[in-house]
Amino acid sequence: VNPLLEAFGNAQTVMNDNSSRFGKYIQLRFQENTVQGAKLSEYLLEKSRVVQQDTGERNFHIFYYMFAGLSSEQKGMYGLLDPSFYRYISGRFGTQEVAEHWKHKYQEVCNALDMVGFQEQEQVDMQAILAGVLSLGNVTFEPEESNGSVKVSEASQGWLKAAAVSHKKCSCCRVPAVCRPLVSCSCSLCADARDSIAKMAYGRVFGWIVCKINELLAENVDPEVELREIGILDIFGFENFAVNRFEQLCINLANEQLQHFFNHHIFQLEQAAYKEEGLPWETITFNNNEPILNLLLAKPLGLLSLLDEQSAFPQATDKTFVDKLNSSFKGNLHFQPARGRVLGFSIIHYAGKVQYAARGFLEKNRDTLPANVRGLFINSVTPLLIPLHMHREPRPTLARVKCGHEARVKLLWGEKSHSLMVLMERMYSANPHFVRCIKPNSQKEPGVLDNQVVLLQLRYNGLLETIRIRRDGFSWRPSFEEFAER
């Protein structure tokens, strides 16, 4: 199933051509030392990548695989044109050699879908949804002079029709209803709603794939029998790009929490064990990142609580959010206001200083979703769209804005924070082992070891202190029985 998860969950970034843009937790279940089954959980999928990518980055792999792997006839069936036409596909499509590689990868995805047990119609529907998402991204809006409302622009009517055909006349053919109000409404609000629909559709498809995989991997044993379990967490590392946005803040917060977990097990519990056994021990100092977590997570005045507060006010802007941060965290050693007229701020993370561009923070956190969209999906004649949208997410409605029809504003950070909390509860209940991935250079070159790049990572991961604590103490701890037998 790995080709399937990578195709839908990985993408090219400036640091890594095959970067995981979600957290993957695999539970392997054992009975009498034999694997009986497994379960996958996914966390923090970077859905914003569906609608926007920075220079040198790409959308999720699956879109490129489809363009390279589908026949001309299949592309016609899904209404797909040349990839250069699509706003959601950034950068050059690639050389002939790259296209051949993607074609091979597309075949791997198809094989994986067959192996997992996806029915042919489900595979067709899934690709129709992805094609519809791309076409939807090209829909633009313009003011309607007669009554001050907003309509789909004349130039993008064809894209709207393509999205509708891709979804077999489903919800997308009624997207204009989102913004055809009797009250005034802006084109930007409609564009936000369009992008939210695209992100939601992609996120639901990804979640559905994971559920289908879990059906395949489920153990076939007596439910009364308790199974032993090994969990493997594979998650993105700390990120610091030329431009860092809301997504990087979420990723870096997850890494702050994992670093705190690492510190807890390697330093606090380790040193407590020596103290408990009365062994002579000189306490090793380490970089405790608890103050950074308090800055980000404290309630009601942590950075993310303030983000949620500002997101709930329709009049709030990214500037009012930054102003609030500057006044709230004046003098905090881990927060720095941006200089000059830059709309942003810096956080001094455990791994170093990261400057965040605040533009788009409120919009991304609001994730504005038209309330009538769920009903449109449920009434669709594309069978796959119905189960994807039958269940509401258990999130409170924090604010409502008017755009003709009601639009539900769920705060995205609340969703991500719940996801992270569940993950950390799992981690703290386990007996952990850590594998740290170190990048040898910043150019993605094979066979090149940049000593300074490596040393910097060893320092900010706390690995130099870890080596010290292992070297100075008793790193191998057999049971008394093992020791006596040896």
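Predicted model: local features only at pLDDT ≥ 70, side-chain atom pairs only at ≥ 80, totals over all residues.

**Entry 1: a helix with a bend**

I began with helix H8 (residues 246-276), whose 31 residues reach 43 Å from the first C-alpha to the last, close to the 45 Å expected at 1.5 Å a residue. The expected span is 1.5 Å times one less than the number of residues. Helices (H or I, at least four residues) and strands (E, at least two) are DSSP runs, numbered from the N terminus. I noted a bend of about 35 degrees in H8 at His264, taken as the angle between axes fitted to the seven residues ending there and the seven starting there. H8 is mostly covered, with 24 of its 31 residues buried. Buried means under 20% relative accessible area, exposed over 50% and partly exposed in between (1.4 Å probe, protein chains only). Just after H8, I found Gly278 with a positive phi of about 70 degrees.

Residues are numbered from 1 along each chain as its sequence is written, and side-chain values use heavy atoms, leaving out hydrogens and water. The chain averages a pLDDT (the predictor's confidence in each residue, from 0 to 100) of 84, and 85% of the residues score at least 70. Over residues 168-184 the pLDDT is below 50, and this stretch has 44 contacts (heavy atoms within 4.5 Å) beyond near neighbours in sequence.

**Entry 2: another helix**

I checked helix H5 (residues 120-136) too: its end C-alpha atoms are 24 Å apart, which agrees with the 24 Å that its 17 residues should span at 1.5 Å a residue. In H5, 14 of the 17 residues are buried.

Most residues other than glycine have a negative phi, and most peptide bonds are trans. Which residue has a positive phi of about 55 degrees although it is not a glycine? I found Glu32, in the loop between strand E3 (23-31) and strand E4 (34-43). Glu32 is exposed, with a relative accessible area of 75%. Asn33 lies in the loop between E3 and E4, and has a positive phi of about 65 degrees without being a glycine. Asn33 counts as exposed at 77% relative accessibility.

I also noted a cis peptide bond from Lys299 to Pro300, with omega near 5 degrees. Pro300 is found in the loop between helix H9 (290-297) and helix H10 (303-311).
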